[in-house]
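Hi there,

Here is the structure I promised to pass on to you. Have a look at it first, and then read on for my notes on what turned up.

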Amino acid sequence: MAFQFIQPISRVKTVKKSEKSQRALEELRNYLDCEIDEPIRFLGRFFEEQRDAISYSDLRTIIENEEIPKEVMKKWFENYAALVAEKITPLWKITMVAGYQSNPVFKDLPNFKFDTSEKLVREWLTERSAYLVTNCTENQREAIRYVISEAKYYQMSPAETAKYLRPVIGLTKPQEAANLRLYHSVKAQLREEHPRMRADTIERKARHAAARYAEKQHRYRAEMIARTEMATAYHQGNDAAVRQGIAQGLLPKMKKVWSTARDGKVCSMCLALEGMEVDLDSRFKGEQGRRIVQILLPPAHPHCACAVIYEEVKNEKV
């Protein structure tokens with residue numbers, strides 16, 4: 001999840017849901033759909049700032065040396081740290097509260113108040129922040145290194161590579177790979193269809209096509225990050241509130257139950273967890289082919305729409 005997650009598996013089966021599960025899944029979907037626009041906007045602005053902050057001359061130096069200088073990595077790290085501190089952490093806190101408020105076990109507890117400054121919540125925020133900042137910085141370096149390596153294969157000059165690379169700053173390696181394929185596909189098509197067209201004109205037209213595609217890719221990445229991070233915080237808030245309610249003696253011993261996506265269609269990864277009951281500190285475990293799936297809370301992958309339901313433990317088998 002920082003922004004590096006297991007890719008969602010193709011949806012393969014329909015699962016009937018209980019009324020309780022449907023309600024929990026609907027609450028999650030409605031919250032994400034209503035609140036996602038603003039984080040998509042600020043993430044989009046951030047990617048634009050990342051792109052604009054690096055000059056073509058700096059990119060040419062990076063390309064020629066085939067390495068990203070430590071000062072550039074440090075700047076990227078600082079930029080991501082600022083994004084997380086100023087934008088994402090406040091979003092997490094708001095979303096954690098929404099997660100707890102969606103839980104019906106608190107409807108009859110008017111005296112309970114969720115404490116976002118509690119130790120476990122603070123620890124989660126700190127750990128998640130460090131994870132996101134580190135992984136985003138490394139993902140960006142990995143993506144640029146990939147482009148530099150492929151540019152050598154395609155015999156792109158440092159100047160051409162720099163002009164191509166700047167608009168795609170902020171994309172992941174798989175996104176960069178798809179974009180670079182488009183770029184060279186457009187170049188090849190133009191050469192074939194317009195054999196007299198100048199090489200610099202072909203490059204310019206191909207860059208324009210790649211830049212337009214990059215805009216859509218940045219939008220997709222911003223939405224994936226926003227939706228996944230909000231879903232993560234939503235479930236963390238729900239879980240933390242249940243633990244606080246138990247600690248305060250307002251809730252009995254509880255268990256968590258995995259409930260798959262709202263529309264009833266579920267990937268094989270999440271299907272292995274459907275209806276599974278475990279105690280609060282245990283992981284949901286299931287098999288997906290030869291892989292063992294072990295997850296504390298949703299989301300299990302980008303755009304995962306699964307939820308967790310909390311129920312009273314009435315025996316000690318859980």
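**Salt bridges**

Lys255 is buried, its relative accessible area being 12%. Please keep in mind as you read that this is a predicted model.

The partner of Lys255 is Glu277: the two form a salt bridge in which the closest N and O atoms are 2.9 Å apart. Glu277 is partly exposed, with a relative accessible area of 39%. This pair ties together distant parts of the chain, with Glu277 in strand β4 and Lys255 in strand β2 (residues 254–259), 22 residues apart. The two also belong to one network, in which salt bridges that share partners join Lys20, Lys255, Glu277 and Glu311.

Asp239 and Arg243 are four residues apart in helix α8, so about one helical turn separates them. Asp239 is buried at 6% relative accessible area, while Arg243 counts as partly exposed at 25% relative accessibility. The other salt bridge runs from Arg243 to Asp281, at 2.8 Å from N to O. Here distant parts of the chain are linked: Arg243 sits in helix α8 and Asp281 in the loop between β4 (277–279) and β5 (284–288), 38 residues apart. With 61% relative accessibility, Asp281 counts as exposed. The count for the structure comes to 18 salt bridges.

**Nonpolar cores**

Which residues have the most contacts inside the largest nonpolar core? They are Trp92, Phe106, Phe114, Trp258 and Cys270, in a core of 58 residues. Helix α8 (residues 199–247) supplies the largest share of this core, 11 residues. Apart from it lies another core, of 29 residues, including Ile68, Tyr183, Leu190 and Ala214.

Leaving aside neighbours within four places in sequence, Trp92 is in contact with Val84, Trp124, Leu125, Arg128, Ser129, Leu132, Glu229 and Ala233.

The side chain of Glu160 makes a polar contact of 2.6 Å with the side chain of Tyr183. Glu160 lies in helix α6 and counts as buried, at 6% relative accessibility. Beyond its neighbours within four places in sequence, Glu160 is in contact with Tyr183, Lys187 and Glu203.

**Cysteines**

How many disulfides does the structure hold? The number is zero. Cys306 is buried, with a relative accessible area of 2%. For Cys34, the closest cysteine sulfur is in Cys304, 19 Å away and too far for a bond. Cys34 counts as exposed, at 60% relative accessibility.

**Backbone and loops**

Most residues other than glycine have a negative phi, and most peptide bonds are trans. A few places here are worth a look with that in mind.

- Glu66 has a positive phi of about 55° although it is not a glycine. Glu66 is in the loop between α3 (56–65) and α4 (70–101), and counts as partly exposed at 44% relative accessibility.
- Gln155, also not a glycine, has a positive phi of about 60°. Gln155 is in the loop between α5 (119–153) and α6 (158–165), and is exposed, with a relative accessible area of 73%.
- Pro298 and Pro299 are joined by a cis peptide bond, with omega about 0°. Pro299 is placed in the loop between β6 (291–295) and β7 (307–312).

One more loop residue is Arg198, found between α7 (173–193) and α8. Arg198 is exposed, with a relative accessible area of 57%, and its side chain is joined to that of Asp200 by a polar contact of 2.7 Å. Arg198 and Leu180 are 18 residues apart in sequence and 20 Å apart in space, C-alpha to C-alpha.

Happy to go through any of this together.

Best wishes

Note on methods:
Residues numbered from 1 in each chain as written. Predicted model: local features only at pLDDT ≥ 70, side-chain atom pairs only at ≥ 80, totals over all residues. Heavy atoms only, no water. Helix = DSSP H or I, 4+ residues; strand = E, 2+ residues; numbered from the N terminus. Buried < 20%, exposed > 50% of the residue type's maximum accessible area, 1.4 Å probe, protein only. Polar contact = N/O pair within 3.5 Å; in protein donor to acceptor, adjacent residues only side chain to side chain. Contact = heavy atoms within 4.5 Å. Core = buried A, V, L, I, M, F, W, Y, C linked by side-chain atoms within 4.5 Å. Disulfide = S-S within 2.5 Å. Salt bridge = Lys/Arg side-chain N within 4 Å of Asp/Glu carboxyl O.
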